[in-house]
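User: I would like to learn how to read the features of a protein complex from its model. Could you take me through them one at a time?

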Amino acid sequence: MTLANLIDKYGFKVLTNSNEYLSRTVTGAYACDLLSHAMAKLNMGDAWVTVHTNLNVVAVASLAEAACVIIPEDIEVEQQTISRAEEKGVVILSGSASSAEICYEILSELRKTV
Amino acid sequence: MSTKIIRDYIIPADDFAVAGEASSDVRKILSQLGVSPNILKRTSIAMYEAEINAVIHGHGGKAHVEIDENKVFIVISDEGPGIEDLELAMQEGYSTAPDSIREMGFGAGMGLSNMKKHADLLEIDTQVNKGTTVYITVYFQ
Ligand SMILES: Nc1ncnc2c1ncn2[C@@H]1O[C@H](COP(=O)(O)OP(=O)(O)OP(=O)(O)O)[C@@H](O)[C@H]1O
Ligand SMILES: [Mg+2]
């Protein structure tokens with residue numbers, strides 16, 4: 001599943017100006033709000049769901065090569081985080097569902113297609 | 001690659017606008033050299049954790065990085081408070097991070113164990129009131 005598919009299917013808002021990255025493949029989903037823990041456990045290609053919206057999220061997502069960051073529950077994201085994400089090629093999406101619901105949806109979809 | 005690549009970075013204290021930039025730059029260099037994704041990831045994790053610790057706990061510091069054909073060698077040093085009980089600090093879950101830092105998502109107490117797990121060699125020199133130096137080596141093979 002590509003990021004574009006994911007966005008279409010679940011109506012996530014794309015907060016970053018990321019058109020060039022929307023063909024990126026999503027291979028998993030991971031939710032964690034402890035940055036060191038996420039850093040260690042994120043797999044390349046995961047959609048990372050976190051409630052944090054600070055600059056460190058961009059650093060972790062980029063170093064761990066997450067496919068995207070998804071911010072749940074319509075939590076607002078600071079403009080400086082969005083700008084930094086654009087610089088680093090990190091795609092930030094936002095949705096109204098909870099972290100658990102978002103992971104459930106993505107993982108159900110991924111399990112269907114493999 | 002026959003010549004050594006050497007880089008030095010300043011790590012400012014408590015500045016989250018640049019925290020992680022040194023690690024990000026090293027990752028970019030290694031990626032351009034064609035280092036495997038697994039090595040890239042292990043190096044990124046180990047260096048990022050050390051860099052963030054210098055930002056958060058060490059009042060800032062500096063990073064020195066040497067890359068040759070066999071390995072990447074990273075030295076992150078600060079002149080902060082040092083670590084009183086290193087064995088305790090190495091345990092997963094141990095953290096003295098203040099609330100303001102925890103609110104950003106740090107403070108799981110996993111940084112040092114992440115370094116240990118992902119570096120091929122990890123050495124930590126620390127002295128109370130003098131500072132902390134972390135030496136990380138990751139081999140390419
Ligand atoms: N450079 C340093 N200077 C002083 N103390 C340090 C330094 N690095 C680590 N420590 C001490 O060791 C503890 C454990 O560090 P570790 O990186 O494992 O966890 P953390 O930084 O508290 O949380 P996390 O890395 O999971 O966000 C810290 O809370 C701090 O007390
Ligand atoms: Mg740490």
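Analyst: Helices (H or I, at least four residues) and strands (E, at least two) are DSSP runs, numbered from the N terminus, and contact means heavy atoms within 4.5 Å. This is a predicted model, in which local features need pLDDT of at least 70 and side-chain atom pairs count only at pLDDT 80 or more, whereas totals for chains, interfaces and linings use all residues. Residues are numbered from 1 along each chain as its sequence is written, chains are lettered from A and ligands numbered from 1 in the order in which they are written, and side-chain values use heavy atoms, with hydrogens and water left out.

User: Which residues of α5(B) are buried?

Analyst: Buried means under 20% relative accessible area, exposed over 50%, and partly exposed in between (1.4 Å probe, protein chains only). In α5(B), the buried residues are B:Gly111, B:Leu112, B:Ser113, B:Asn114, B:Met115 and B:His118. Because 6 of the 8 residues of this helix (residues 111–118) are buried, α5 of chain B is largely enclosed by the rest of the structure.

User: How many helices and strands does chain B have, and what pattern does chain B follow along the sequence?

Analyst: Chain B has 5 helices and 5 strands, and their order along the sequence is β-α-α-β-β-α-α-α-β-β. Of the 141 residues of chain B, 51% count as buried, and the C-alpha atoms of the chain fill a box of roughly 45 × 30 × 25 Å along the principal axes.

User: How should I read the area between chain A and chain B?

Analyst: The size of an interface is often given as the accessible area lost when the parts come together. Buried area is the accessible area (1.4 Å probe) that two parts lose on being put together, summed over both. Here, about 1800 Å² is buried between chain A and chain B, with carbon and sulfur atoms giving 54% of that area. In chain A, A:Ser36, A:Asn56 and A:Leu63 lose the most area to chain B, together 31% of what that side buries. The contact takes 21 residues from chain A and 22 residues from chain B.

User: How many salt bridges are counted between chain A and chain B?

Analyst: A salt bridge is a side-chain nitrogen of Lys or Arg within 4 Å of a carboxyl oxygen of Asp or Glu, and the count between chain A and chain B is 3. A:Glu65 forms a salt bridge with B:Arg27, their closest N and O atoms being 2.9 Å apart.
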